[in-house]
2 protein chains.
Amino acid sequence: MMKPYSEMKKEELITLKEKLEKQFEDVKGKGLNLDMSRGKPSKAQLDLSNGLMNVLTGNCDLVSSEGVDCRNYGVLDGIFEARKLLADMSEVPERSVLIYGNSSLNVMFDTVSRAMTHGFMGSTPWSKLKKVKFLCPVPGYDRHFAITEFFGIEMVNVPLLQTGPDMDIVEKLVSEDASIKGIWCVPKYSNPTGISYSDETVRRFAHLKPAAKDFRIFWDNAYSIHHLYEDKKDVVLEILNECIKADNPDIVIKFISTSKVSFPGSGIAALAASRGNLEDARRYMRFQTIGYDKLNQLRHVRFFEDMQGMHEHMKKHAEILRPKFEKVQEVLEKELGGLEIGTWTKPLGGYFISFDSLEGCAKAIVAKAKEAGLILTGAGATYPYGKDPRDSNIRIAPSFPTVEELELAAEIFVLSVKLVSVDKFLKG
Amino acid sequence: MMKPYSEMKKEELITLKEKLEKQFEDVKGKGLNLDMSRGKPSKAQLDLSNGLMNVLTGNCDLVSSEGVDCRNYGVLDGIFEARKLLADMSEVPERSVLIYGNSSLNVMFDTVSRAMTHGFMGSTPWSKLKKVKFLCPVPGYDRHFAITEFFGIEMVNVPLLQTGPDMDIVEKLVSEDASIKGIWCVPKYSNPTGISYSDETVRRFAHLKPAAKDFRIFWDNAYSIHHLYEDKKDVVLEILNECIKADNPDIVIKFISTSKVSFPGSGIAALAASRGNLEDARRYMRFQTIGYDKLNQLRHVRFFEDMQGMHEHMKKHAEILRPKFEKVQEVLEKELGGLEIGTWTKPLGGYFISFDSLEGCAKAIVAKAKEAGLILTGAGATYPYGKDPRDSNIRIAPSFPTVEELELAAEIFVLSVKLVSVDKFLKG
């Protein structure tokens, strides 16, 4: 039953294929429409934050702790209490934080765009340089890669290990090549593999000596408090403080938001960095806007109150997400365990399960699943330019469907994996 | 009493100066702290929109008319009903509108930034060109000029007449010089002069034949529904439709927001343009964000319901603003009428009164007023690079102070004007 496909004889494979095809036709006949493509919170998760809609009313005090009427213009940095809350979330002092609009992706895009037109802290604008490169730990987040590609920045793959990016390679490349200006990082519950950077990785980042003075680590702490288990949590060393200790304070820019804490698209985002980087960001902001939405900042502070409140809130998210991750893993284990046609991650937080098929099978699996009504993230999406050199990584996002839907989706997924893998052995 | 200063003898001027200085010392002694520097709504105006805080609750329907859960990710263009509302406000069809974040200034900044890094509709990115110029009707809005200056765009002054920018000059310059890529326009109740563009001006804009294919009219309709009088309203011809009729659909990009309708900084902003320009904007947006704040879009639609609701709301703003404009004008007329040391505008809408002093006096007047505790917009701010060649224009923003404060502020202002003007005649 659990015999590896590689040990099966041709006849066994043919018989198996016939059986699988029949099962697949049955599932297809159900006319399902399931989506495991994006890290999108479910309705039940959104309901957790409905109270956010009630904390501000027309009769309540809409003045910040520093006496600012949040309804009017002003306060470029964000209101004090919002800076404090997102600073706590980001594990840095309040003075190290600027509040932006509704999305940290937007802040990252702006930061790359700013470097293109104005450089960082007095450096040559990147648009004036012949060549600009970014290091991209892979597999990684497609929207990061899309931003750098959009600005014509050349992307260089770096393997993402269990401890974070391969730092031997990172150190070598950034010290040798001054056209390398940045690296995309998701340090905790990484998208999609779910790994968290080790203390050694963080320290090596803090001690980097890049050839480019304007090299920046783009530290997207998207899942900083997004644990699945109360008793098993990854902890990542706070990088800004490590950089300061390493006398390297300007090398990192941290990004954070409440998108998957409160409402995606209606949250608040922040940038955390050294004094020099913040001054640089402010110089730009001053022309870019009169100020971000302070009422939404106030709304978030009044709703969560403090970090304790936010952690309590995240426990409720975990209670909804945990059974979904476990359901997918249960089906994967039950159906694929021992077959040696795929491996997958068992993360302690974040939004994804990362699946690696046999080489050259990912695209075909995603296409197969689609036939039966299951939408997966496009194969290759987790690599720059959409090109997975081994065509094996598939990102599974179990957050949006219900547990019942997920069970069906996982069934379609494993059937697709089996069918494509059988074909590979039959052809090979 | 109302004798022009120019007709006064030296002794008369000396006696007058002594009298004015005494009055000024008296006012100074009051230790006032008044601000007429920015077009900022008053507390009473903000209170008009407090209901906006109550329309969405955790128990109400947070789904858009097209069935989108506004709490979750998605819908790059903005929800249908918000596009409809801002399209109506902008007098264009719903399909011509994209909704952005909390500020139209931010959308304008982004649009210039986009042209710098990616060009418009396939043109060479402006950052790759040796020289990029913008036409700036003067006097104009300081934050517009600040954006173009920040991106290293050379600004060329064009006189703003009673009918709009001097179109003879605009037509000549844009047809001759392909490095001229844009023009800043506030077509209705212009900042600061309050004039509105004539039909002929709009038609001539629509028929412009610029040497640069990527020339764009930046049409900032910031005061489109911001009338002061019910029975006297400026009407400006809708430009996008005129451009389409002139077979020139891509030449204009319109900007609009609810900043001075609902809450400044917590409103919604939009861009309106041709299909080609919208596709171009979307190509950028797709990388820039997953989507803007749909809950705030829904909040605005539920509060205003439709254009009729918005117009009713603007009448209430007018009732608060009108007495303020009239108070300032009353003091100016009473104290400066007949003296021939200054002229000022009597706009039918918008946020400003534009004052022109004798040549070479504006900086000194602003400095003088500051001595007595009145903050005015910096002299020169209404010109590119902060350089008013005649040093005569001063922007007065009467919206924020109360009528009582305004009376005091206006008294300080006229005293400052008189003192500086007397000095001019005594020196000259």
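The exercises below, each with a worked solution, concern a predicted model.

**Exercise 1.** Compare the reach of helix 1 of chain A with the span expected at 1.5 Å a residue.

Solution. Helix 1 of chain A runs over residues 10-29, which gives 20 residues. The expected span is 28 Å. From the first C-alpha to the last, the helix reaches 28 Å, close to that expectation. Just after the helix, look at the backbone of A:Gly31: its phi is positive, about 60 degrees.

**Exercise 2.** Describe the largest nonpolar core and the contacts of A:Leu86.

Solution. The largest nonpolar core has 123 residues. Within this core, A:Leu86, A:Ala270 and A:Leu271 have the most contacts. Helix 13 of chain A (residues 403-427) supplies the largest share of the core, 11 residues. Next, take A:Leu86 and set aside its neighbours within four places in sequence. Contacts then remain with A:Val97, A:Ile99, A:Ile256, A:Ile268 and A:Ala270.

**Exercise 3.** Work out what chain B brings to its contact with chain A.

Solution. Begin with the totals: 43 residues come from chain B and 43 residues from chain A. Then list the helices of chain B that each supply at least two residues to the side touching chain A: helix 2 (43-47), helix 4 (104-118), helix 5 (142-150), helix 9 (275-288) and helix 10 (294-304). Helix 4 of chain B gives the most, with 6 residues.

How values were computed:
Residues numbered from 1 in each chain as written. Chains lettered and ligands numbered in written order. Predicted model: local features only at pLDDT ≥ 70, side-chain atom pairs only at ≥ 80, totals over all residues. Helix = DSSP H or I, 4+ residues; strand = E, 2+ residues; numbered from the N terminus. Expected span 1.5 Å × (residues − 1). Core = buried A, V, L, I, M, F, W, Y, C linked by C-beta atoms within 7 Å. Buried ≥ 20, exposed ≤ 12 C-beta atoms within 10 Å, placed from the backbone. Contact = placed C-beta atoms within 7 Å.
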